[in-house]
Amino acid sequence: MQTKYFLNPFLAVITLEILITSQLKITIISKDASTALEIDANYFDKLNIGNFNWYACNYYFILTMFHQKIFLKALTA
């Protein structure tokens with residue numbers, strides 16, 4: 001999954017944040033904790049800390065962890 005987003009060498013960080021936010025919305029609906037954890041491990045360090053998209057990504061990640069009852073992973077987000 002990591003290489004899928006980086007095929008375009010001109011990908012802006014804001015575009016990456018929007019794609020990650022959209023994917024995390026899908027993980028809430030599908031209750032796919034493994035994909036959310038993979039996104040957290042691979043992409044959260046590339047986000048601009050403190051902007052709206054950063055908060056949205058963390059919010060959707062925490063909601064996914066709550067749906068799966070993985071509370072300790074939600075705490076470390």
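Where is the place of glutamate 17? Glutamate 17 sits in helix 2, residues 13-30. Helices here are DSSP runs (H or I, at least four residues), numbered from the N terminus. This is a predicted model: local features need pLDDT of at least 70, side-chain atom pairs count only at pLDDT 80 or more, and totals for chains, interfaces and linings use all residues. Residues are numbered from 1 along each chain as its sequence is written, and side-chain values use heavy atoms, leaving out hydrogens and water.

**Glutamate 17**
- Glutamate 17 is buried, at a relative accessible area of 0%; buried means under 20%, exposed over 50% (1.4 Å probe, protein chains only).
- Leaving aside residues up to four places away in sequence, glutamate 17 touches Leu47, Asn48, Asn51, Asn53 and Cys57. Contact means heavy atoms within 4.5 Å.
- Asparagine 53 lies 36 residues away along the chain, yet its C-alpha atom is 5.9 Å from that of glutamate 17.

**Helix 3**
- Helix 3 spans residues 33-43, and its buried residues include Ala33, Thr35, Ala36, Ile39 and Tyr43.
- These residues share one side of helix 3, because they cover an arc of only 165 degrees around the axis. The arc is taken from the directions from the helix axis to the C-beta atoms.
- Ser34 and Ala41 are exposed on the other side of helix 3.

**Helix 2 against helix 3**
- The two helices pack at about 160 degrees, with axes 9 Å apart.
- Helix 2 and helix 3 are therefore roughly antiparallel, a term for angles over 145 degrees.
- Helix 2 contributes Leu16, Ile20, Gln23, Leu24 and Thr27 to the contact, and helix 3 contributes Thr35, Ala36, Ile39 and Tyr43.

Definitions and conventions: Axes are lines fitted to C-alpha atoms, for helices over the stretch in contact, and angles run from 0 to 180 degrees between N-to-C directions. Angles under 35 degrees count as roughly parallel, over 145 as roughly antiparallel, 65 to 115 as roughly perpendicular and the rest as oblique.
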